[in-house]
Every structure is written in structure tokens, then in C-alpha cells.
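Please examine the structure shown here. The report that follows treats selected local features, strand pairing, helix packing and aromatic contacts.

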Amino acid sequence: MKNLFYVIITLILWSACGQSYEETKRLSRQQRREAMRRDSAALKIAVMPTLDCLPMYVAEQEQLFDTLNGGVRLKPYKAHIDCDTAIERQRVEGSVSDLVRALRMEKRGTSLRYVAVTNCDWQLITNKNSRIHQLKQLDDKMIAMTRYSVTDMLSDLIVDSVKLRDEHVYRVQINDLDVRMQMLQNNEMDALFFPEPQATMARNAKHAVVLDTRQLDIQMGVLVFREKEMRRPERHRQLDLFIKAYNAACDSINKKGIRHYRDIVMRKCGVSSSVVDSLPQNMRYQHAIGPREKDMVRVQKWLNKK
């Protein structure tokens, strides 16, 4: 009788545990479905650890996106090519990019809406140990860049402007910004293209700048969204609210200065406080507006040649 009592108690406990396990599984499934539903409803944007994304990082921290139906999800990547993949495979609705990459994506069949021109400028940094201080000294040197991007177009511009032989400038495809920085620090590359704040980080380490797109009157950074998705009424409303939040964040940065948001820059871009202090203080962020016609024409001509 005593043994039977223990068996009954064990069966009751086992049954209770079984129900608890099944209940946990059911709740877990529900939670996953709910998370997927929320993620699907959100406006997802591929971003980079670069200063052109600062308005979105500020809007996120200041909760300016809270009025959006479904909210905004910023999806971080370390290479623009990964941002391209995310938007082409419909993992995100929007992405930071450059005009060369965006127009090439359209050629491959992804129709895009150009929502904003960003202040993403590029600097060609040369390794201090290579002693390169002029573009003509890039003959027989290696440049870290990305194919079919603004850095590829700039490489052609360099070759043409100082009349180097194209085959004597070795273009090495290094997409990840962190990898580029490591290669610079390890003296593995002669010259590398960097945006901000990585360019400031390189300059602080006494590496030289031989090209700066701010002196070329070109605006290549863009924020794009999938056109087909933005035609849906609910997405269109989300985009309108996003633009209002984006513009408000630009105004706040311009008023308070980048250093006011040093914690965001340090956290999102992975740089030190000294790098933030060394950033150009005249950087301005403009409201969401599409690219200039002359920049579009310039890129189209270059792509047609390629």
C-alpha cells in the first residue's frame, strides 16, 4: 500500500511537470509568433557604424520613432554589401547606401525610393609607414575598397586624375569597416577608404589623408527604401512619420552638436571619446531630401562604362 501511494504521487507530479512543459512550449511558440508579428509590422532599416546614421540613432534614443505604427527596428551591419543583401532579400524595408550601390541595385531589379541624401563623405587614408602623401604615389600600391560602390568610382577618378596605369593600382575588396581598420593598424594595406568616424580614428593615429570627397562637390550617401513596399498605405504612413522623426533628429544634432551625443557615437560606432572630440565640428545634417540630378547623372555614366 505504501509503495502504491508513492507511485500515485510520482505519477501526479510527473503529469504536472508534463503539463508545465507543454504549457511552456505553447507559450514559447506564442511569444515567437508575437515577436515575428511585431518585427514584420516594424519599419526595418539596415544601418552602419558610421556618422551618416547618427540621426536615426538619435531618433531611436530620444524615442522620436514611438509615434510610428509598429515602430522602427535599426538592423546593424558592418559592410554596405550586407545592407544591400538585406534590402534585396526583403529582410529590411530601408537601408543606408551610396548612389553607386543604389543605382546598381535598381539595375538588378530592386526598385528604390531615395528618401534622403546623407552626409557620408569618404577619405582615402594612407598608411603612415608607406609614406604616401600624394595620389601619384599610389602607383604599384594596394587600395582597400568595395567593388561597384562609391569607393570603386573614386578609385577610377584617382587613376584618371593623376594618369596612373589602371593595372598598377591594386584594388583589394575589403567590405567590412572593422577589417579595414585592423588592416591599417597591422600595416597590411597601403591605402584605405574610410567614412566618419573611422576616418578621424585613422587621422588620430597619424595616418595621412590624400583624398577627401568633401572637396569634390559630390554627395553620394543615400537613405533608400524599397519602392514596392512603400506604396502600401500603412508603410507610406510609417515613412511619413519616419521622415518627421529623422528631420527632428537632424535639427537636434545641428543645434546641440555631435559631442552632445558622444555616448551614442561611441556605442554605435565603436570609437573612443577622444575620437568623438576630434570629429569635424562643422558637420551638418540636412532634412530628408532626394539626391541631386548631377550626382545621379555622374554615377549613371560611370556604371554604363563598367
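## Backbone features in loops

Pro197 is placed in the loop between β8 and α7 (198-204); helices (H or I, at least four residues) and strands (E, at least two) are DSSP runs, numbered from the N terminus. The peptide bond that leads from Glu196 to Pro197 is cis, its omega being near 10 degrees. The model is a predicted one, in which local features need pLDDT of at least 70, side-chain atom pairs count only at pLDDT 80 or more, and totals for chains, interfaces and linings use all residues. Residues are numbered from 1 along each chain as its sequence is written, and side-chain values use heavy atoms, with hydrogens and water left out.

Gln90, a residue other than glycine, has a positive phi, near 65 degrees. Gln90 belongs to the loop between α3 (80-88) and β3 (94-98) and is exposed, at a relative accessible area of 57%. Asp217, also other than glycine, has a positive phi near 55 degrees. Asp217 sits in the loop between β9 and β10 and is partly exposed, with a relative accessible area of 45%. For these classes, buried means under 20% relative accessible area, exposed over 50%, and partly exposed in between (1.4 Å probe, protein chains only).

Strand β5 covers residues 123-126. From β5, Gln123 and Ile125 point one way while Leu124 and Thr126 point the other way, and all are buried.

β5 pairs with strand β8 (residues 191-194) in the antiparallel sense, over four bridges; two strands pair if DSSP finds at least two bridges between them. Phe194 in β8 is the bridge partner of Gln123. With strand β9 (residues 208-212), β5 likewise pairs in the antiparallel sense over four bridges. Here Val209 in β9 is the bridge partner of Ile125.

## Packing of α2 against α9

Helix α2 (residues 54-61) and helix α9 (residues 233-256) have axes that come within 8 Å and cross at roughly 100 degrees. Axes are lines fitted to C-alpha atoms, for helices over the stretch in contact, and angles run from 0 to 180 degrees between N-to-C directions. The two helices α2 and α9 are therefore roughly perpendicular to each other (angles under 35 degrees count as roughly parallel, over 145 as roughly antiparallel, 65 to 115 as roughly perpendicular and the rest as oblique).

On the α2 side, Leu54, Pro55, Met56, Val58 and Ala59 meet Phe242, Ala245, Tyr246, Ala249, Cys250 and Ile253 of α9, where contact means heavy atoms within 4.5 Å. By class, this contact of α2 with α9 has eleven nonpolar, no polar and no charged residues. Ala, Val, Leu, Ile, Met, Phe, Trp, Tyr, Cys and Pro count as nonpolar, Asp, Glu, Lys and Arg as charged, and the others, Gly among them, as polar.

## Aromatic pairs

Three aromatic pairs are found in a search of the whole structure. Rings of Phe, Tyr and Trp (its six-membered ring) pair if their centres lie within 6.5 Å; planes under 30 degrees apart count as stacked, over 60 as edge-to-face and the rest as tilted. Phe65 and Phe242 make a stacked pair, at 5.5 Å centre to centre and 15 degrees between the planes. Because Phe65 lies in the loop between α2 and β2 (72-76) and Phe242 in helix α9, the pair ties together parts that are 177 residues apart in sequence. Phe65 is buried, at a relative accessible area of 5%, and Phe242 is buried at 1% relative accessibility.

The rings of Phe225 and Phe242 have centres 5.6 Å apart and planes at 65 degrees, so this pair is edge-to-face. Phe225 lies in strand β10 (residues 221-226) and Phe242 in helix α9, so the pair ties together parts 17 residues apart in sequence. Phe65, Phe225, Phe242 and Tyr246 form one aromatic cluster.
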